Amino acid sequence: MQKVDNVLSNCTNTLAEVSANKGHQVVQRMGAQSMASKVLTEDTMNVQLKEMEYAVRGQVPIAAERIVQELKSGNSTRPYKEVLFCNIGNPHSVGQKPISWYREVAALVDCPSLLDKPNTASVFPADVIARAKELIEAIPGGTGAYSHSQGIPLIRQHVADFITKRDGYECDPNNIFLSNGASAGINLILTTLISGPKDAVLIPIPQYPLYSALLTLKGGHHIGYYLDEESNWGLKFEDLVDAITKARAEGLNPKAMAVINPGNPTGQCMDYDNLVKIVKFCVQEKLVLMADEVYQENVYVDTKKFTSLKKVVMDLGDEAKDLELASFHSTSKGFIGECGRRGGYMELIGFDPYVRDMMMKHASMELCSNLNGQVMTSLMVKPPASGDESYESFQGELNGIKSSLKVKAKQLVDTFNSIEGMTCQPAEGAMYAFPQIHMPQKALDAAKAVGQAPDLFYCLALLEETGICCIPGSGFLQRPGTYHFRTTFLPEESKLLEAMDRFKTFHNGFMAKYS
């Protein structure tokens, strides 16, 4: 038990270091210079920015970076040689290889002079060269120049064709905004939406922390509607009705509802009937519907399939004709995993033309989304077709990633469910498991004594002993009295299996200490 005591002592010291350093690094660099002369101080800076929290890159990842530097120094006595970052859906950073076809086309588009080299045709497949030429012709000035503020017209057409094929309904490319990942589109909608201090958005609990962070930053409110863990994070509509009724009684003005499907951090894939109920609820309550669908390719169970909210809205016809829908997709997820490219799109349906023009004004202020992200978005929505020279190799790489994620998702969930003091719902989709830790009272008391949320207390101890970096469930919000953490299942299979052995040892020691 001494080892666990030492780990928890280190954990307390870690949080103290994080707290001590947070917001004071600039002070240290400036030495003894008086802060009284500064215009921007803790008292004068934006209050909403101070209050905003984003757990995915919060206290545990900050502590993990400190440990990385310690390991690099060569002076560490820790029982592991690297930190396994399971805190964020960043596939390439933990070993997933980029799909060749995406990179080959992107390389030629980024450097068109390669097409003039005599050996290019022997290095690159014919369909890669043809696709690169199509994109180069559509991008005046190349990827180093600004584009139309909504994005390259040809690429918006590619997105519209993808949506039309996916849903069976025509998509207008003029309704497409190419964006720096899905996050930029969500930010644009919330910027447009929040017009007063009582404005609010319904968000699922657990949620992706981007929503609560942006709402805090913009001076709005979030209204949590709880997902039901016992029914694999399903939605109980009485809870949704209760949430909006209570919010209005408290004087809030609900204006939108966010839906994450497949779920983050919970991994559920919503069925068609639930989606129909959500659309009807938003019509009845006069809410803008925000459809976060960045994991639409990541479905791992044969009994479920992804259905877009756009399709549901169109299926309902006149019943949903007045609904305002904003849908988001990204090149960061799926099996493409090109997070650093910051590619994505937003589709707008049913919005007032004036409001849409104001969104266009906002997009124009930022000039355009980055061109490399736009190119990657085109490649995501229009991959090689059957008969293309690259088709077989592309499908081989894609299916290899998909099958690996499917195996790892089941392995991780099964491992959690085999450990005493833990339960975990199946990861039907996305990239994460969200297990519940059944905390002993002594652990709750110990966390309270050091001023930490219980799951933060647990995750910091886990990091210190095992090098596994996960995010406490409190960062995603959760039902009171429950404690979770989110972990990806993205690392290489061998590393993930080895990490799960370390995890078991840690968890059993933690539970024994506090039982």
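Helices, of at least four residues, and strands, of at least two, are DSSP runs numbered from the N terminus. With that naming, Leu367 sits in the loop between α14 and α15. The model described here is predicted.

- Strand β3 (residues 199-205) pairs with strand β6 (residues 253-260) in the parallel sense, over four bridges. In this pairing Ala200 stands opposite Pro254 of β6.
- β6 also pairs with β7 in the parallel sense, over five bridges. Here Val259 is opposite Ala291 in β7.

**Strand β7 inside the structure**

- How many of the five residues of β7 are buried? Five of the five are, so β7 is largely enclosed by the rest of the structure.
- Both faces of β7 are covered. Val288, Met290 and Asp292 are buried on one side, and Leu289 and Ala291 are buried on the other.

- β11 and β15 (residues 485-488) are joined in the antiparallel sense over two bridges, and Ala433 is opposite Thr487 in β15.

**Helix pairs**

- Two packed helices are described by the angle between their axes and the distance between the axes.
- For α5 (residues 100-110) and α15 (residues 371-381), the angle is about 140° and the axes are 10 Å apart. The two helices are therefore oblique to each other, and α5 passes α15 in a right-handed crossing.
- On the α5 side the contact is made by Trp101, Tyr102, Val105, Ala106, Val109 and Asp110. On the α15 side it is made by Asn372, Val375, Met376, Leu379 and Met380. By class, the residues of this contact are nine nonpolar, one polar and one charged.
- For α11 (residues 237-249) and α12 (residues 272-285), the angle is about 20° and the axes are 11 Å apart. Angles under 35 degrees count as roughly parallel, which makes α11 roughly parallel to α12.
- The crossing of α11 and α12 is right-handed. Phe237, Leu240, Val241, Ile244 and Arg248 of α11 meet Asn274, Lys277, Ile278, Phe281 and Glu285 of α12. This contact of α11 with α12 has six nonpolar, one polar and three charged residues.

**The loop between α14 and α15**

- Leu367 has a positive phi, near 70°, and is a residue other than glycine. Its relative accessibility is 36%, so Leu367 counts as partly exposed.
- Ser369 lies in the loop between α14 (353-365) and α15. Is Ser369 buried or exposed? At 5% relative accessibility, Ser369 counts as buried, because the cut-off for buried is under 20%.
- Not counting residues up to four places away in sequence, Ser369 touches Leu178, Ser179, Asn180 and Gln374.
- Ser369 and Cys111 are 258 residues apart in sequence, and their C-alpha atoms are 19 Å apart in space.

**Other backbone features**

- Which residues does the cis peptide bond with omega of about 5° join? This bond joins Ile205 and Pro206, and Pro206 lies in the loop between β3 and α10 (209-217).
- The peptide bond from Asn264 to Pro265 is also cis, with omega near 20°. Pro265 is in the loop between β6 and α12.
- Trp233 is not a glycine, yet its phi is positive, at about 60°. Trp233 lies in the loop between β4 (221-228) and β5, and with 4% relative accessibility it counts as buried.

Conventions. Residues are numbered from 1 along each chain as its sequence is written. This is a predicted model: local features need pLDDT of at least 70, side-chain atom pairs count only at pLDDT 80 or more; totals for chains, interfaces and linings use all residues. Side-chain values use heavy atoms; hydrogens and water are left out. Axes are lines fitted to C-alpha atoms, for helices over the stretch in contact, and angles run from 0 to 180 degrees between N-to-C directions. Angles under 35 degrees count as roughly parallel, over 145 as roughly antiparallel, 65 to 115 as roughly perpendicular and the rest as oblique. A crossing is left-handed if the near helix is turned anticlockwise from the far one by less than a right angle, and right-handed if clockwise. Contact means heavy atoms within 4.5 Å. Ala, Val, Leu, Ile, Met, Phe, Trp, Tyr, Cys and Pro count as nonpolar, Asp, Glu, Lys and Arg as charged, and the others, Gly among them, as polar. Two strands pair if DSSP finds at least two bridges between them. Buried means under 20% relative accessible area, exposed over 50%, partly exposed in between (1.4 Å probe, protein chains only).
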